[in-house]
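Hello,

Here is the structure I promised to pass on. My notes follow below it.

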Amino acid sequence: MKFFVYVLGSKNKSKLITYVGYTNNLLKRIVLHNSGKGAKFTRGRKWYLMYYETFKSKSKAMKREYFIKKNKKFREKIKLK
């Protein structure tokens, strides 16, 4: 089974907001976020996929998600793309 770590983006007035998560079904997860059934932070916004990585194990995906969430410089690089 594949797991994905993803970064979503949403425009909030003039500011770009990002959200990092992991899942085993990327398309379904983005649809959930945009329908208001995803994480509480993502509700009420229109999200688009900015970046993702694929992993073979859930534990590796969770470790990478944690790294990306804590690494502001990495997230800023993604915003600039």
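A word on terms before the notes: helices and strands here are DSSP runs, numbered from the N terminus, with at least four residues (H or I) for a helix and at least two (E) for a strand. This is a predicted model.

Confidence comes next. The protein chain has a mean pLDDT of 92. In that chain, 100% of residues reach 70 or more. Helix α2 (residues 58–70) has the highest confidence, at a mean of 97. Helix α3 (residues 72–80) has the lowest, at 89.

Now helix α1, residues 26–34. Leu26, Ile30 and His33 are buried there. These three cover an arc of only 60° around the axis, so they sit on the same side of α1. The other side of α1 has Leu27, Lys28 and Val31, which are exposed. What covers the buried residues of α1? The cover includes strands β1 (3–12), β2 (15–23) and β3 (48–55). Just after α1 comes Gly36, with a positive phi of about 85°.

Then the pair α2 and α3. Their axes are 5 Å apart, and the helices pack at an angle of about 85°. Angles of 65 to 115 degrees count as roughly perpendicular, and α2 and α3 are therefore roughly perpendicular to each other. From α2, the contact involves Arg64, Ile68, Lys69 and Lys70. From α3, Lys72, Phe74 and Arg75 meet them. The residues of this contact divide into 5 charged, 2 nonpolar and no polar.

Please take a look when you can.

Best wishes

Technical notes:
Residues numbered from 1 in each chain as written. Predicted model: local features only at pLDDT ≥ 70, side-chain atom pairs only at ≥ 80, totals over all residues. Heavy atoms only, no water. Buried < 20%, exposed > 50% of the residue type's maximum accessible area, 1.4 Å probe, protein only. Arc of directions from axis to C-beta. Contact = heavy atoms within 4.5 Å. pLDDT = per-residue confidence, 0-100. Axes fitted to C-alpha atoms, helices over the stretch in contact; angles between N-to-C directions. Parallel < 35°, antiparallel > 145°, perpendicular 65-115°, else oblique. Nonpolar A, V, L, I, M, F, W, Y, C, P; charged D, E, K, R; others polar.
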